[in-house]
Amino acid sequence: MMDFGFKLSKSATLDLDRADTGRYERLCALEPDARICMNCGSCSATCTAAPFSGMSLRKVILGLQRGQDVRPMLQGCMLCGKCSMVCPRGINTRHLILTLCRIYD
Amino acid sequence: MKENVVVIGGGVAGMEAARQLLLLGYNPILVEQQDHLGGHVAQWNRLFPDMAPAGDLVRRLWDGITDANIFLETRVTSVNRLKDDYLVMLSNGVSISCRAILIASGFKLFDAARKEEYGYGVYDHVVTNADLESWFNGNESDRIPSAPRSVGFVHCVGSRDLKAGNSQCSKVCCITAVKQAIEMKERFPEARVYCFYMDLRLFGKKYEDFYIRAQQEFGIQFIRGRVSEVGETLDGRLQVKAEDTLSGKPLKVQLDLLVLMAGMSCNPDVAELARMARLDIDSDGFLRSLDNTAGIDVSNRPGIFYAGACTGAKTVPETLGEARSAALDIHRYLQGR
Amino acid sequence: MIYEGKQKIWQDYQKEIPDDHWYYVRSCIRQNFFPASERKFTDITQQILGKDVYETPYHTTCGGIAYHCDAIPQVTVMTIVARQFALMTEAGYENYVPSCVTSFGNYVEILETWHEFPELETRIREQLWKACRREFNKPKYLAHTSDLIYHWRNEIAEKARVRLIDRETGEPMRMAEHIGCHYAKMFPSKGIGGAEYPYVLAGMIESWGGQVVDYPERRHCCGYGFRQYHTKANRGYCVSNTHKKFESMEPYGIQAILTNCPGCCYFMDRWQYVIAEQTGKTYGKDGFGIPVFTYEELAGLVLGYDPWDLGLQLHQVAVEPFLDRIGVEYDPKAKYLGVNKEDLLRPELPVNLKCF
């Protein structure tokens, strides 16, 4: 391959037709409340880990819907449960995170 | 001899107001341009949030005005003020003298073809909310595939759109999109259904419950981002681009059907009516109420009142409520109180 | 695709184009990229169509390229443009036609700006007078050269010696059209057919016998992006945009692309070589690329010009398969002979993109 000093850039576009949402579907089967997240961000705003580790439960659920690998975020979770206190939709967030960890195992 | 009240517009606002005016002992004269009553609602299939058939509501309203004078396929040709009375001339040659007029001329559905990027009228499988309701009503359409694998809804088409000349929110489109998304999912359980929204404005009674059901029971995906471009693929599907603003990334998806939630624009015919009756037009093109808080049904002219979407986007319950309050305000006005 | 829907939009975006007496200005870069195109525009319009198209050697760049590269401010560009208008006025013309799409966009933008801010126009008039003692009238009509070829497309079709028909199959040639961003995206009302479904090039293809093929990324920018390309570190994302277009085009069997912008034509042609050398992928048949033509080149082919006189040997993508399909005769041995039949030597051929 010829070196021109520049290369094709990787596209950042999320292609929903190619997104593997298998994990999201499995999560919804086990934790139906995953579906009712409305991306308000309360969980991430109050998260102990968010400011230091990049953890955001909002982004975890969104990322799964878009077929992304969210393990690096999950690993930051300290399981303190503050997010479940603030979720206005009453999602059992702590349980959801543990279920998701099992799906990844 | 019962006193005449001219009601301009035979949609649900005009029908309900006429019904109330009859009950109050007046002689409402309902003037409608089209050949049927019920306006936009008569074209709709089911109404949120109870999924009541729209036809039932229109029929109930019809039953309440069998004693009213109804002129279909008739337009107002002039309105003149003669001392305390108005002389209203109609296109069928009838002239009516009255002390009070109710304007219930409604809205115009935004012409979705004006948002050229969505390709309404260009791409085979792009339809509007109204087209979909018509299909729900049993009218066949070759635009709607027989077994769609994926369906998208675009909120705010021609609403909250300064460039299209409509800065206002059309209020009903968010909940209509949720309703129609559920209805499509009921028909096609295997299809993936997406709603592309800028904000979800689910303000009315039971609307939020409807939204939760759409997520929980039907797995409808809500993507926060306005669709910016639609193209057609080789196999006749639609390639849709939006930003997934919650991920902060551009997003694309192929759909078999795209439904545009065309909003409520001002009825352009109202400009001529306003000129004839010397009524004020608001900056959004709708009729200007005397007071947007406590006098939404009151015009700048004595004896002329408003009901429904002629002053701005309204839901059906709001429209019916306004029709009743306008009928009462007319009654008080005619009683000199 | 609902053709009537597009026709309805096309009707909404038409503009008045006078039939004669045009003052013509050239592009900075086209004579290097596609050296015969501008010369053939004057040949076709003056000699074949018998139109009065006037140009003067005193005209310069419009400044648009430097403006879009963030190299000079708009008031400087405006003064350059004012001098161009002064030359038109002195020559006794009032219809102005630039050959570059960015120039066209630049002129439209400046005229609209002066319309909204008349005090700026007054200031520019003063600056021009101080700088070179010139005065100007604004053009009565402004069109891009592709608008004129579009306007005369049926006259060209009447004189056609070749039609855009596949000789093998008898079917219309499958062609894509690509409009420069500065043609209509800034001011959709100034472009024939608007910006979403432009008709200026589609009209030529239809009139000359071809079939216009739409594809999902048709509206996407070619990727040139002026200062983006000119900074080497950014070139990767310029070529990525072209790549995105060709990937989208791939399943449609497109046989040629017609463009109206100097940059688009150049980059959609040359990047096919870069993409082929970097990824091994080509987008035409049998290892060839998809040829990309200027509207003058395509009009020239239709009118029976020798392809080497049209400068088609300067294209990166081999044009011969296309010429064979539509039945244009040419001498393969004459490809690299100059105007005086002097041997220009043969270029080094790419590894992955098949060329002659």
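Of the 105 residues of chain A, 31% count as buried. Buried means that 20 or more other C-beta atoms lie within 10 Å of the residue's own; exposed means 12 or fewer, partly exposed is in between, and the C-beta atoms are placed from the backbone. Before I go on, this is a predicted model, where local features need pLDDT of at least 70, side-chain atom pairs count only at pLDDT 80 or more, and totals for chains, interfaces and linings use all residues. Residues are numbered from 1 along each chain as its sequence is written, and chains are lettered from A and ligands numbered from 1 in the order in which they are written.

Back to chain A. Its secondary structure comes to seven helices and one strand, and along the sequence the pattern reads β-α-α-α-α-α-α-α. Helices (H or I, at least four residues) and strands (E, at least two) are DSSP runs, numbered from the N terminus.

The C-alpha trace of chain A spans about 55 × 30 × 25 Å along its principal axes.

Now contacts, meaning two residues whose C-beta atoms, placed from the backbone, lie within 7 Å. Among contacts in chain A between residues at least 6 apart in sequence, 58% join residues at least 24 apart.

One residue to look at is A:Met38, in the loop between helix H1 (22–30) and helix H2 (42–46) of chain A. A:Met38 is 51 residues from A:Arg89 in sequence, and the two are 8.3 Å apart in space, C-alpha to C-alpha.

Next, where the chains meet. The contact takes 13 residues from chain A and 14 residues from chain B. On the chain B side, helix H5 (207–216) and strand E17 (249–255) are the elements that give two or more residues. E17(B) supplies the largest share, six residues. By type, the chain B side divides into five nonpolar, six polar and three charged residues. Here Ala, Val, Leu, Ile, Met, Phe, Trp, Tyr, Cys and Pro count as nonpolar, Asp, Glu, Lys and Arg as charged, and the others, Gly among them, as polar.

Strand E1 (residues 14–15) of chain A runs parallel to E17(B), joined by two bridges. Two strands pair if DSSP finds at least two bridges between them. The partner of A:Leu14 in E17(B) is B:Leu251.

Chain B also holds an open sheet of five strands with parallel pairing, in the order E11-E18-E12-E13-E14. Strand E11 (126–128) and strand E14 (221–224) are its edges, each pairing on one side only. E11(B) pairs with strand E18 (residues 257–262) over three bridges, and B:Val127 has B:Val259 as its bridge partner there.

Last, strand E9 (residues 100–103) of chain B. In a regular strand the side chains alternate between the two faces of the sheet. Which residues cover the faces of E9(B)? B:Ala100 and B:Leu102 lie on one side, B:Ile101 and B:Ile103 on the other, and all are buried. E9(B) runs parallel to strand E1 (residues 4–8) of chain B, with four bridges, and B:Val5 has B:Ala100 as its bridge partner. Three bridges also join E9(B) to strand E20 (residues 304–306), again in parallel, with B:Ile101 opposite B:Ile304.
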